[in-house]
Number of protein chains: 2
Amino acid sequence: MDLSGRHILASRQALPSNEGFRAKNPKTNEILEPVFSEGGSSEVAYAADQAATDFDAFRAVSPLQRVEFLESIAAELLSCKTALIERCNLETGLPPQRLEGELTRTTNQFKLFAETIKGKTFLNIQIDQGQPERQPLPKPDIRLTHIPLGPVAIFGASNFPLAFSVAGGDTASAFAAGCPVIVKGHPSHPGTSEIAGLAIQKAVEKSGLPKGIFSLIQGSGNQVGEALARHPEIKAVAFTGSHQGGRSLFDIASSRPEPVPVFAEMGSINPVFILPDALANRGEQIAQKYGESITLGVGQFCTKPGLLVAIKGPELDLFIAALINKLKQIEPATMLTLKIQKNFLDKVGHFSVNPEILFSDQSCLAEEQGCQVTPSLFKTDVDSFLAQKNLADEIFGPAAIIVECQSSDEMLALATQLKGQLTATVHADLSEENICKELFFTLEKKAGRLLLNDFPTGVEVCQAMNHGGPYPATTDSRWTSVGTAAMKRFMRPICYQNFDQSLLPEELKD
Amino acid sequence: MDLSGRHILASRQALPSNEGFRAKNPKTNEILEPVFSEGGSSEVAYAADQAATDFDAFRAVSPLQRVEFLESIAAELLSCKTALIERCNLETGLPPQRLEGELTRTTNQFKLFAETIKGKTFLNIQIDQGQPERQPLPKPDIRLTHIPLGPVAIFGASNFPLAFSVAGGDTASAFAAGCPVIVKGHPSHPGTSEIAGLAIQKAVEKSGLPKGIFSLIQGSGNQVGEALARHPEIKAVAFTGSHQGGRSLFDIASSRPEPVPVFAEMGSINPVFILPDALANRGEQIAQKYGESITLGVGQFCTKPGLLVAIKGPELDLFIAALINKLKQIEPATMLTLKIQKNFLDKVGHFSVNPEILFSDQSCLAEEQGCQVTPSLFKTDVDSFLAQKNLADEIFGPAAIIVECQSSDEMLALATQLKGQLTATVHADLSEENICKELFFTLEKKAGRLLLNDFPTGVEVCQAMNHGGPYPATTDSRWTSVGTAAMKRFMRPICYQNFDQSLLPEELKD
């Protein structure tokens with residue numbers, strides 16, 4: 001498939017720009033053609049104005065037409081599957097099999113949202129019938145539904161180039177809510193972005209929807225993102241990525257003359273607690289699965305459980321030995337970008353005495369092998385973990401820190417000191433119900449998703465999923481970016497008082 | 001009832017402080033005893049720490065105990081009814097009959113939230129059963145519920161000294177959600193605040209709940225509010241009042257190291273559009289009701305419809321004549337405070353030629369009659385309204401501006417230029433369905449509540465109510481501060497993956 005390198009503005013390919021950037025193959029560090037346009041405030045202004053103008057036509061279409069649109073995007077994505085996965089593999093180094101799975105997840109998200117908006121539940125309708133005879137005052141007829149906020153700015157994430165990028169869950173949920181979408185493509189996979197963007201463009205055309213409801217602006221710097229967060233026609237922002245990036249967008253959007261909500265999912269260290277009986281009875285088995293979980297996708301999942309907490313002793317030593325053994329079997333693997341690899345190597349290379357290096361060997365990696373890394377494992381104690389604040393920061397990549405506790409009390413004390421997390425996990429045996437309850441009672445204040453005897457790296461797309469959590473995991477713990485409830489971020493309530501049936505929205509009529 | 005003038009910190013009366021302030025009777029401008037403590041950051045720190053500590057015990061109590069607590073607050077408020085209304089009347093000038101109605105609303109709010117949390121609906125539970133056999137990956141069992149955010153800072157409003165103050169809807173909804181509450185009392189009615197606060201304190205004691213879940217901090221300046229919005233243990237803020245106050249709290253809370261949500265309801269001009277047939281057929285009748293609506297509570301409602309839009313012509317002239325006639329019959333009435341009166345007189349005194357003064361006579365008011373005012377009515381055209389930005393700002397008090405349009409197109413054009421509003425109203429006859437639909441299609445983007453042939457000043461407390469709207473009506477259009485959904489502001493989703501039944505929260509068990 002020939003890539004143009006151009007932005008997609010209001011569902012049309014823009015003219016080529018003077019400035020540009022190119023992607024790199026992280027497996028070889030070779031530059032990939034073509035040159036992609038470098039966006040700026042003029043592209044943002046155009047896309048935002050078109051989105052605002054066509055928002056009216058979009059919110060006027062029937063839900064059925066929106067259903068068809070979402071299904072059409074899924075179909076268009078599948079019809080360019082080969083090109084999409086091929087280019088994505090070149091740009092991200094992620095293996096084709098993983099990308100096929102991710103594409104299935106991506107298309108399924110559109111289908112799930114399509115199913116969701118076939119029903120009325122997502123509108124959370126409330127009807128209070130009038131009581132004209134009520135004393136001392138008549139009760140008016142009031143009916144509540146939910147409507148879309150307006151144009152949404154969405155930021156593609158590097159680590160899920162399909163499922164959390166141009167045609168990812170944020171885009172699917174914003175479209176499902178009835179909002180126009182402007183995506184800032186992630187600079188590490190601009191070709192993948194273009195292919196996915198063209199699939200959406202085709203779906204817009206085939207569905208006969210107004211073209212302004214979709215734009216994709218490419219860019220390698222911060223200008224596009226900042227301009228989007230600042231633009232008065234942008235009514236909400238969704239972001240998945242670094243703390244710095246998410247917080248910066250939040251600060252811009254919050255300080256606007258008209259502040260708008262930003263849902264930024266900014267990662268997490270996803271603590272895992274192993275209670276003594278579980279450690280004694282199933283330590284080796286947990287070590288196997290834990291080793292898989294922290295190296296899945298080269299550790300580049302926001303749900304990677306990067307912190308493991310257990311009580312010091314021979315059982316933990318056996319666990320660690322099994323885990324190291326598991327990690328030794330992990331082949332060197334390619335990270336998404338040179339910058340991500342460098343950050344990872346800097347962070348793990350920084351540790352030496354405390355945290356103690358249990359396993360780390362990046363020396364085997366040759367320059368010509370691109371952005372490869374191998375897993376790293378560290379160990380420290382509770383006091384050091386609490387004293388060295390940086391240990392509570394995410395290490396993006398296949399690394400984990402084990403915190404050895406002296407007692408279950410120390411384990412609980414550590415839990416109370418945690419920052420906000422996407423997930424928190426406990427491995428426990430039935431015999432340990434009391435301490436387990438106590439631990440979860442604390443972890444409820446810390447995380448958006450709690451797991452028992454499971455691993456957080458899979459994020460099921462379903463009604464009950466919550467992919468969110470207290471700050472700094474996200475900028476607002478009241479929302480999720482995965483699952484059907486993700487739509488709610490982009491809708492608001494509105495009620496109709498004393499309306500004639502003929503003037504009520506369809507869903508509110510008797 | 002003897003007032004102590006002291007703060008209530010963690011459900012205990014604090015020691016008297018050195019600094020203090022007193023309330024004034026707006027009817028006479030006389031100072032009212034006693035001296036009330038001036039709060040500061042040390043009171044905030046103490047109250048916030050106690051709230052954070054006792055949050056754990058509060059979130060552990062059964063929903064039934066929370067129900068009893070809410071009902072107990074309603075009962076305690078009723079048992080001090082005489083003292084409450086007497087003092088409130090002295091401090092606010094609001095007539096006893098109005099205050100009795102407001103107290104009924106206030107106690108009913110607690111009862112409604114109690115009813116709401118007897119059911120499970122407010123938890124918005126989602127259950128995705130596991131499918132261990134699913135290919136290619138098993139589907140985990142995931143169950144979602146909603147939990148309280150933590151300590152909430154609530155700001156009493158001046159204009160509803162009972163229903164939007166210490167024991168108002170924000171407090172009721174935060175307690176119902178399971179959150180500890182720290183109220184910053186409004187300085188214009190500190191005695192009313194103390195009486196309501198003591199009622200809550202008694203309910204805390206009688207319900208055997210941890211004392212840290214309630215504090216009332218008095219203060220005449222901004223220190224207490226700023227310290228609350230800044231305190232790391234405060235997890236959400238609710239405010240009803242001026243734009244300046246709400247935005248300032250929002251800015252503080254958004255720029256914290258850990259930003260927290262602020263729901264600030266900051267008023268609105270609540271536009272009313274009268275379409276030609278309605279004006280011709282029912283102009284006089286609408287004028288009567290409109291005159292009542294803008295002078296209700298001396299125009300000190302955030303839903304006061306301060307902007308009226310209609311088409312120029314003899315029908316509008318008749319409407320205006322009827323409205324002026326109505327306003328002439330309105331007796332001078334006392335505003336809540338000297339500052340509010342002064343602001344009102346400054347704003348209405350500022351107009352002379354354009355907007356044209358249709359009716360205004362503040363000259364009859366003698367100094368010794370306190371904060372009395374009479375209604376004012378102004379008129380302008382669309383171009384002037386759009387050019388003079390201050391005309392789109394709320395005039396807090398019994399005043400309204402009529403905008404004369406040349407055509408229904410001009411009416412629609414004006415609608416598209418409106419800022420965010422709490423409400424927007426259209427008066428239309430059945431014959432005017434098309435233009436009415438077109439108008440509402442625009443107004444849907446502007447307001448949180450739409451009304452047809454009705455008046456916005458009554459805000460029914462029910463499931464379908466939305467008391468919110470796009471900025472600057474509120475800081476986040478996705479929430480309401482009135483009605484059962486108001487609780488949602490203070491709750492967040494959390495899901496449990498792969499949990500044994502015994503470890504699940506009660507509401508999520510099979």
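1. Helix α3 covers residues 81–92 of chain B and helix α4 residues 96–118 of chain B; their axes come within 10 Å and cross at roughly 125 degrees. That makes α3(B) oblique to α4(B), on a scale where angles under 35 degrees are roughly parallel, over 145 roughly antiparallel, 65 to 115 roughly perpendicular and the rest oblique. Helices are DSSP runs of H or I with at least four residues, strands are runs of E with at least two, and both are numbered from the N terminus. Axes are lines fitted to C-alpha atoms, for helices over the stretch in contact, with angles from 0 to 180 degrees between N-to-C directions.

2. Before going on, a word on what we are looking at: this is a predicted model, in which local features need pLDDT of at least 70 and side-chain atom pairs count only at pLDDT 80 or more, while totals for chains, interfaces and linings use all residues. Residues are numbered from 1 along each chain as its sequence is written, chains are lettered from A and ligands numbered from 1 in the order in which they are written, and side-chain values use heavy atoms, with hydrogens and water left out.

3. Which residues make the contact of α3(B) with α4(B)? From α3(B) come Lys81(B), Leu84(B), Ile85(B), Cys88(B), Asn89(B) and Thr92(B), and from α4(B) come Pro96(B), Leu99(B), Glu100(B) and Leu103(B); contact means heavy atoms within 4.5 Å. By class, six are nonpolar, two polar and two charged. The nonpolar class holds Ala, Val, Leu, Ile, Met, Phe, Trp, Tyr, Cys and Pro, the charged class Asp, Glu, Lys and Arg, and the polar class the others, Gly among them.

4. Gly225(A), Glu226(A), Ala229(A) and Arg230(A) of α7(A) meet Leu249(A), Ile252(A) and Ala253(A) of α8(A). The contact of α7(A) with α8(A) has four nonpolar, one polar and two charged residues.

5. Now to a sheet that draws on both chains. Its ten strands form an open, mixed sheet in the order β5(A)-β6(A)-β21(A)-β20(B)-β19(B)-β12(B)-β13(B)-β18(B)-β17(B)-β15(B); two strands pair if DSSP finds at least two bridges between them. Because β5 (126–128) of chain A and β15 (356–360) of chain B each have a single partner strand, one side of each is left without a neighbour in the sheet. The twist averages 20 degrees from one strand to the next.

6. Within that sheet, β17 (residues 376–381) and β18 (residues 399–405) of chain B pair in the parallel sense over six bridges, with Thr380(B) opposite Val403(B). Helix α10 (residues 314–328) of chain B packs on the sheet, touching β12, β13, β15, β17 and β18 of chain B, and its direction makes about 175 degrees with that of β18(B).

7. Do look at the hairpin in chain A as well. Strands β3 (residues 20–25) and β4 (residues 30–37) of chain A run antiparallel and are joined by five bridges; Phe21(A) has Phe36(A) as its bridge partner. Four residues lie between the strands, and Asn29(A) takes a positive phi near 60 degrees.
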